[in-house]
Amino acid sequence: MMVRFLAGGLTGTRLAMLALLLAAAVLVPVLNLALPTDHPLHVPTYAVTLMGKYLTYALLALALDLVWGYCGILSLGHAAFFALGGYAMGMYLMRQIGTRGVYGDPVLPDFMVFLNWKELPWYWSGFDAFPFAIVMALAVPGLLAFVFGWFAFRSRVTGVYLSIITQAMTYALLLAFFRNDMGFGGNNGLTDFKDILGYSVQSDATRAGLFAASALALAASLVLAIAITGSKLGKVLIAVRDAESRTRFLGYRVEHYKLFVWTVSAMMAGLAGALYVPQVGIINPGEFAPANSIEAVIWVAVGGRGTLVGPIIGAVLVNFAKSWFTAALPEIWLFALGTLFVAVTLFLPKGILGLAASLRARLPKRKDKTSPADVSAGAPIAPAPALARNQAAE
Amino acid sequence: MNVNAYAPRSLPALLLAMLLALLPLALLSSAAGAQDNAALRPLIDALGQGSFGDTEKQVSALAATGDAAVVPALEALTNGDLYVRKADKAVVIGKRAGGSLALTDPLTGEALESTATSALDKIRVNNRLRRTIRAALGGLTLRAADATTRRQAAEAIFKAQDAEGIEALDAAIEAETNPGVAKLMREARAAAVLASDRPTEDKIAAIGTLAERGDRDALSMITAVQNSEASDLHEAAGAALARIEKLQAAWDTARNVWFGLSLGSVLLLAAIGLAITFGVMGVINMAHGEMVMLGAYTTFMVQNLFRTHAPDLFDYSLLVALPAAFLVAGLVGVGIERGIIRFLHNRPLETLLATWGVSLILQQAVRSIFGPTNQEVGNPAFMSGAFEIGQLTITYNRLWILVFALTVFAALLIAMKFTRFGLNVRAVTQNRRMAASMGIRTPLVDALTFGLGSGIAGIAGVALSQIDNVSPNLGQSYIIDSFMVVVFGGVGNLWGTLVAAMSLGVANKFLEPFAGAVLAKILVLVFIILFIQKRPRGLFALKGRAVEA
Amino acid sequence: MTATGSLLYLDGVSVSFDGFKALNNLSFLIGRNEMRAIIGPNGAGKTTMMDVITGKTRPDTGTLLFGEKLDLTRHDEAEIAGFGIGRKFQKPTVFESHTVEDNIALALKASRGPFATLFHRREREESARIDALLELVRLDSRRDDLAGDLSHGQKQWLEIGMLLAQDPQLLLIDEPAAGMTDAETAATADLLRDISKSHSVVVVEHDMTFVRALDVKVTVLHEGSVLAEGSLDHVSSDQKVIDVYLGR
């Protein structure tokens, strides 16, 4: 059944990305674990973890592209969903510490002992089971997105207003998670993890496994995103993005469509957060910072919004640059990032993939029938006049 | 135990310490009475004789003279610095100096020959005696010539609820000419009466006096009565408590309103420039907070110039900082508009991203130049200090910022309503093409309007530098709040921004006692998020075709 | 006036924006399979009337019935579209980054829920209908082109095609002839006359030649209410109409 859905949306770029992700999921762990450290093809563990982290960012970018690129909802609060997924995983990891914490309490995490709490808060129960934690990593962001979206879309909050209140949402959560009495470790968040599924989070094999899991999760989410955007629903989403009120007059309940894609996207972001936390070893309220959400938006813009593959490339590129800059020229990084924001919006509105597509279009024409989905895979993404009118029609 | 009682740990003790520091004043003022040394000397010398009980009587006798000349002796006594010279049984004040004691005469203050410790007997005091001495000292200062000293003496007795002080107070009230001090003395007397073994009628009258005072101290005193066994007082105490609590509630409300308006004025300052760029022009400027920050740093620079070149004129530094900050932020704003925003016309989401990039660059630039730490921005004299209205303390800096915010608001309103420039701005924002065809240079108006909004953010930075840390992150802390205020008030409506800022500020402060500061802020945010869902165009939304076109 | 036998029934509908009365006690009815032309000067309330009928604007007062019984004031745009009221905007609004074919496919009468569209698969019947519609609006040669690349007139036709794809009972068409060549205008009039054989149609138009070509009953709006009603010849000889509109 999936094949039928994918048929339209599987362009060359997307196939290549899927193949790359699957190959990486196998090869990187093998090159890390099977080869001796002095072998020229050996991938050091720190690099595995770093790449695994990039892939979770890429998953967040993919989630963001689904709402921004295809439905025109610019979320400045996706870090909130990412962080909530991360906290769900963090809670599982905290429960796995058991008596190895500083205070040696078999049930309570250290920070609760420190706060003199006598028993686990009700919302921590169940998190000792991995499947439950994974379900929560998807369900909690999904539920928040559903409730938030239900209110916002029903009352037709759109454009920058929506962007601003998503930012306010993540800001409110940031403040809330800083509070000690929330029961999530306050300022310090959750850290000092020991095991995941019985394997030490520090070991090479676990790290390679987490990398593979991230690559597979990203590949699976990409397939899902291709299926969604290639379906008739995906076409309705683009219709909403380009001419919301027209879509409504055709009889589509725009708010339901937005709510659907918004919730799916939030759950993807939650999954990304859940994979992120065991690899970096900490989750704290800082992940809710509005700046993080906006940074994720630039990954999408750099790669090319509305292309699915572009945001993955953008996330990896920008974060690679960030890692390099913050190590080599920390002073320069914010200048570079700021310039990137300005330059991409001014000179590269369609991102890297869009640039590639327009370069290709200039080359002598290869006669092949472009499928409609290719429209979204590279070429014109909501020409500015259409967007402008959409805004004006609100 | 003794050591504990010695250190000024409790509030009354602290007040007493302050009181004692004032004694030299009292001394000077009553120099005339100090002639009678001969009469006082025997009383002083008697301090060295007998039991604690005898000493207590002597202290009372000294207090009864009403002569401020005895104050140093009593002060020394309570501090354990009073000695009897074994040789002549004379009482002297001794301060430890090396191995021996430096002696002074307790009445004249003349230095005497220093003596070895062995030649002296220390006059011992116990806690009971200390209380007596404290009362005596209080009574003596109650008749000081200086009104401030008398006021503080009465205050000390009030806090200490010293029953011993009643007679002294009665005498002092009789003599008092300053009505404010007299009132305080009556209150002190009432407090003392409550602690004494006076008859019930007196105590009921005292409760009445205290209820009139109506502050927290009165509340706790009467609550103590309510909780005591004196059941004949319970009725009067209950009534008084109800009265005080009502009064307290009123003052609490007033306090919350004041703090709320103060917070609201900060929000207004932060948001008011945004009300122009976002509200009127419809441009999303995420670097708005950085304009505020630039204003604050300009203040810092201007103050530095004043410090090095004209330290005497430091109080006027803010007057120079205001136009400087307006220019700096305004020019940066014009630069942003010309360099970036105009290319993103009608693409609000892209504008949002590009200006966010600008905000990162500005933050890092300031961090690179000035460093990441907070910069010291001084308060000029007129911004320091506070005054009181009833039980409400109002600090001058908060008051000035409120006045300033309202002034800026009024100026902006007038500029938009009554000037040629304001007319052009409104024309361009309502119908760009029509305005252009009427000969208005729309690019110029765009740039100037954006510059105006940014410049106002800059002068907001001058004001905020007075109450907030001046660091590269200053702007970040205001950006979300500013947007909330503008959106809540209704985009394009300056009055809406004013009402929104003030009501959000007050709401925040009223929530804080119940929820704590952070939770109050979260609740306000959640409220605004829900409110925008209900009324997407804010409190004072424009309606009709103009909005939809 | 009663709603009996009408498809659309407006009685005493008023809308005001900040004191400005966009519709003032507007009353008229449209019969089944009737075509009606609505004319009136700028600000007469034509667009607001369409907004009210399609649920975009809620009337302050008045009755608004569809098919004699259905109270339109209680429903939103999507529901009203689902009842069978289609609308073409003054400015042609098509989905510019979709192909012409996808534009029609999206408009095609079908279940509108997200899950229905997520799992939707195009049946042969639908394909046939899309082909027929594309032929009708003369865009079958451009079916794979992006709608954004069409000319102004072609966009108008595509939008009419999308309207027909919805298979509505009532079509509200705002200035269909704007920006068209004379030949296109004539063809559009033919098309609309054809459509009106099986649908009710309300056309708002400024172009008097076009209105004449439609050859239907005309309602003149002025300041939010009906000024005159009748054949074009009848209303154009009405002194009031001449005063406010035609004569200027």
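1. Asn346(B) sits in the loop between α15 (317-339) and α16 of chain B. Helices here are DSSP runs of H or I with at least four residues, strands are runs of E with at least two, and both are numbered from the N terminus. The phi of Asn346(B) is near 65°, a positive value in a residue other than glycine. With 15 other C-beta atoms within 10 Å, Asn346(B) is partly exposed (buried takes 20 or more other C-beta atoms within 10 Å of the residue's own, exposed 12 or fewer, partly exposed is in between, and C-beta atoms are placed from the backbone).

2. A word on what you're looking at: this is a predicted model, where local features need pLDDT of at least 70 and side-chain atom pairs count only at pLDDT 80 or more, while totals for chains, interfaces and linings use all residues. Residues are numbered from 1 along each chain as its sequence is written, and chains are lettered from A and ligands numbered from 1 in the order in which they are written.

3. Arg138(C) is not a glycine, yet its phi is positive at about 60°. You'll find Arg138(C) in the loop between α5 (124-136) and α6 (152-165) of chain C. Because 15 other C-beta atoms lie within 10 Å, Arg138(C) counts as partly exposed.

4. Now the overall build of chain B. I get 24 helices and 7 strands. The C-alpha atoms fill a box of roughly 105 × 60 × 40 Å along the principal axes. The radius of gyration of chain B is 33 Å, whereas a compact globule of 549 residues would be near 24 Å (the radius is taken over C-alpha atoms, and the globule rule is 2.2 Å times the number of residues to the power 0.38). Of the 549 residues, 44% count as buried. Take the contacts in chain B between residues at least 6 apart in sequence: 71% of them join residues at least 24 apart. A contact means that the two C-beta atoms, placed from the backbone, lie within 7 Å.

5. How does chain C compare with the globule rule? A compact globule with 248 residues would have a radius of gyration near 18 Å, and chain C, at 18 Å, agrees. Chain C has 10 helices and 10 strands, and its C-alpha trace spans about 55 × 40 × 35 Å along the principal axes. Of its 248 residues, 48% count as buried. Among contacts in chain C between residues at least 6 apart in sequence, 66% join residues at least 24 apart.

6. Where chain B meets chain A, 37 residues from chain B and 43 residues from chain A take part. On the chain B side, the elements giving two or more residues are α16 (348-370), α21 (476-489) and α23 (517-534). Helix α16(B) gives the most, with 14 residues. By class, the chain B side divides into 27 nonpolar, 6 polar and 4 charged residues (Ala, Val, Leu, Ile, Met, Phe, Trp, Tyr, Cys and Pro count as nonpolar, Asp, Glu, Lys and Arg as charged, and the others, Gly among them, as polar).

7. Chain C touches chain A too, with 24 residues of chain C in contact with 25 residues of chain A. Helices α2 (77-83), α3 (100-107) and α4 (114-118) of chain C each supply at least two residues on the chain C side, and the largest share, 4 residues, comes from α2(C). That side has 8 nonpolar, 11 polar and 5 charged residues. Glu79(C) is found in helix α2 of chain C. Glu79(C) counts as partly exposed because it has 16 C-beta neighbours inside 10 Å.

8. Back in chain B, have a look at the contact of α17(B) with α20(B). Which residues meet there? Ile401(B), Phe404(B), Val408(B) and Leu412(B) of α17(B) meet Ile456(B), Ile459(B) and Ala463(B) of α20(B). This contact has 7 nonpolar, no polar and no charged residues.

9. One more from helix α20 of chain B: Ser454(B) lies in it. Is Ser454(B) buried or exposed? Ser454(B) counts as buried, because 32 C-beta neighbours fall inside 10 Å. Leaving out residues up to four places away in sequence, Ser454(B) touches Gly273(B), Met291(B), Ala329(B), Gly330(B), Val332(B) and Gly333(B). The C-alpha atoms of Ser454(B) and Ile276(B) are separated by 8.7 Å, though the two are 178 residues apart along the chain.
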